[in-house]
Amino acid sequence: MTDTPIVVRHARPRVSILSTKINMTQCCESAHQQHQKRKNELPPSFFDRLLKRVRTEKQFDTVNNNSNIQYKMASAARSNSADAATEPTVSKGGKSNKSSLEKARKREIKARLNAEASREIRPLAVGTVAMMASALANQALPKLLGKLLDEKTSTSCSTNSTTSASSALAVVVIGGGIASFLRTTMLNRAQDNIAKRLRTKLFGSVLVERDMEWFVSGCGGQGENADGDEESDRKKEVDGPEKAKKNDNGITTSSAMSPGAIGAILTEDINRASESVTVTFANVLRGCSSCTFATYHMLTLNPTLFGISVSVVPVVGAAAVVLNKFVKKATAKQRECAEAAAAFAEERLCHIETVKLANREADEVEEYNRLQEECVQLGRRVSAAKGTFMGFMFAATGGALYMVFNAGGRAIADGRMTSGELTSFATYSFLLGLGTSGVFKALGESSQGLVCADRVYKLMDGPMDAKQSDKQASASSESAETDSVQSISMENVCFSYRSSPDKLVLDNVSLSLERGKVVAIVGKNGSGKTTMASLIAGLYTPQGGKITIQPTGQTFHELNRRSQTALVQVVPQHPALFDTSIKENLVYASPDASDDSIQRALTLANCNDFISKLEGGLHFRVGRNGMRLSGGQRQRLALARALLSDPCLLILDEPTSALDAEGEEAVMDAVNACRSGEDGGATRGLLLITHRASTLKVADRIVVLKGGQVVSQGTFEELTRSKDSELCELMAELA
Ligand SMILES: Nc1ncnc2c1ncn2[C@@H]1O[C@H](COP(=O)(O)OP(=O)(O)OP(=O)(O)O)[C@@H](O)[C@H]1O
């Protein structure tokens, strides 16, 4: 491990407009000294884990406070040692510790699934009773058929007795039919309801509770561990950023979870998990009752024949246990392979334009074919194992039947048994075989269901450090009087992405954004402009410093999302549109917008002209990701969408990059109207991220960003007075 604490570079002098604030550098240095001191005292792995935990702590936003850092480190140390006490030792702990944890996890999953099932108690109870009734009908059939046969072949056969066997058979057949109908409909209804609830919960937890970083870092990468292997989870924690890796079969997989994999959990895994507590559970019950009844009838009919027919059970059972283990492992690998293939296909389809421009269609199909071939090979191993088991079962049961009929034939010849009884016995032994294999199959499905449920709950619970703070998620938590907010200030903000914790993207940045003022940020690619915009919009939380709103001084990241979005809106460089109508896209952030305000926003963003030419106007469907609109049209529509929310601060990321001269002029008009409140709303603050000199000139203040640090700021005239200024050098480079 080479993790170090937050490092602040001192390569060049920094400009801070809030010089009276405690310098972030000092506190980070202090943290660094602490680090060095503790590093000498503690084993390296412990210290590195401790620092990693400290760095990812969400509440780390008050880094300005030195004692706070020490407190955080101390509490992290406490929780780390607590973890050490409760977690099994990975390298030394051995198997017993790990398996006890797995058992605990299994218990937890079962309890959660059972809680879901208990909400469907009515259909489950009716379905299970119906299933038992249909099992009883199945059991009654052989006996009644045997009776019918004996009565038909008996010389003293009377019409009356034949009628009673026939009517009993009719009752059993009709009753069994009704029971089967109820069983199927009720159990499936319970399964569908459980699946629906789990899906909504899971989708909700992913969409609402996960923070932005979880999505941009590849959705946490927690779904690939089909066996719920805690060891690999911890290894990932230790290894840090997710990396592409080759699995046992040489398939390159990423431990990050793709949207496709999340989709598979939402559909397939939830299906299997809900099935395991409904249909599968009932199947186990049916199988067990079938075996019990069949055993009872066979024992009462002929105990010797029963001994012969069950002699194969231990052999078949042992084979089933061995093969089940193999099938489980091979199935997990097969699934991993299928996921890799699905993620590959999904990525190529998403970037179809790049694939076509590079003329790589045939290569990609070939690669996909190779991945499919790997899946097929693994599938063959699973099929061979299953086939071997089935063949073995057939031979074993066939052999048992041969012995039963041999001994049974002799018993009939000796007059110890009737042919009807032998037929009944043979049918019961068939039902016993069916019941036994049903129980094994259902138990296999049930354990697969647990694995699937484990994936579902892992995704639902998510890693703690990826959870959006409760304050943000809850609409009823701290809110702001947005109309009275005059400015938003960044104070000594430091930020690193979770996936690259050692790289400081924003370094001690201070900036004030006021209503009625236009601030432009300029910097080279990768200097941190977009990251800064995302932080101000509340998509990420700074690890150092804070963002506050004035005059209340409230911390922006402690406000709920409703207030945050009412305060700040961003028009990204590449705006995303949904495959709905223009109007639905427009009101996405403000569903209650009136027709008047929609019209005002459209006019301000210069959208009316192109919308009037589209078939259906505002009802024109824009296609997936707005593909049926041009880049410039998408950008204008996104501007109108942001304007409609009437935010205190509007951030435009390269607002004119896809626009022609006329469009650029219209955006500049919109910028000026927002600044002065001419559009009919209050005055707004604007933050422009741009490379264009023409855009820079409209700004009241320009901030030059270099390597995540503010290196100079002032008006255009101030910053271009000297030819050696940072801005002039930058403009020369960007030109
Ligand atoms: N999700 C992410 N995870 C890790 N690092 C990231 C992530 N997004 C951006 N970065 C890194 O952060 C740095 C700043 O990126 P950012 O997008 O903020 O730069 P920018 O100034 O907006 O660049 P551009 O002008 O090209 O849009 C870059 O070095 C980039 O590699």
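**Close-up views of a predicted model**

**View 1. Helix α17 against the sheet.** In this predicted model, helix α17 lies across strands β3, β4 and β6 (544-550). The helix runs at about 120 degrees to β3. Helix α17 spans residues 529-536.

**View 2. The open sheet.** Four strands form an open sheet in the order β4-β3-β6-β7, and their pairing is antiparallel. Strands of a sheet pair through backbone hydrogen bonds, in either a parallel or an antiparallel manner. The edges are taken by β4 (506-514) and β7 (554-555). Each of these two edge strands has a single partner strand, so one side of each has no neighbour in the sheet.

**View 3. The pairing of β3 with β4.** Strand β3 (residues 487-495) is joined to β4 by six bridges, and the two strands run antiparallel. Ile 488 has Leu 513 of β4 as its bridge partner.

View 4. Most residues other than glycine have a negative phi, and most peptide bonds are trans. Asn 508, which is not a glycine, has a positive phi of about 60 degrees. This residue is part of strand β4. The peptide bond from Gln 550 to Pro 551 is cis, with omega near 10 degrees. Pro 551 belongs to the loop between β6 and β7.

**View 5. The shell around the ligand.** The ligand is surrounded by 13 residues. The closest of them are Tyr 497, Asn 525, Lys 529, Thr 530 and Thr 531. Helix α17 supplies the largest share of this shell, three residues. By type, the shell holds nine polar residues, three nonpolar and one charged. The helix that gives this share to the shell is also the one that lies across β3, β4 and β6 in View 1.

**View 6. The packing of α9 and α12.** Helix α9 (residues 259-276) packs with helix α12 (residues 313-350) at an angle of about 125 degrees, and the axes are 8 Å apart. The two helices are therefore oblique to each other. The crossing of α9 past α12 is right-handed. On the α9 side, the contact is made by Gly 260, Ala 261 and Ala 264. On the α12 side, Glu 339, Ala 342, Ala 343 and Glu 346 take part. The residues of this contact comprise four nonpolar, one polar and two charged.

Methods:
Residues are numbered from 1 along each chain as its sequence is written. This is a predicted model: local features need pLDDT of at least 70, side-chain atom pairs count only at pLDDT 80 or more; totals for chains, interfaces and linings use all residues. Axes are lines fitted to C-alpha atoms, for helices over the stretch in contact, and angles run from 0 to 180 degrees between N-to-C directions. Angles under 35 degrees count as roughly parallel, over 145 as roughly antiparallel, 65 to 115 as roughly perpendicular and the rest as oblique. A crossing is left-handed if the near helix is turned anticlockwise from the far one by less than a right angle, and right-handed if clockwise. Two residues are in contact if their C-beta atoms, placed from the backbone, lie within 7 Å. Ala, Val, Leu, Ile, Met, Phe, Trp, Tyr, Cys and Pro count as nonpolar, Asp, Glu, Lys and Arg as charged, and the others, Gly among them, as polar. A residue is near a molecule or strand if its C-beta atom, placed from the backbone, lies within 6 Å of it. Two strands pair if DSSP finds at least two bridges between them.
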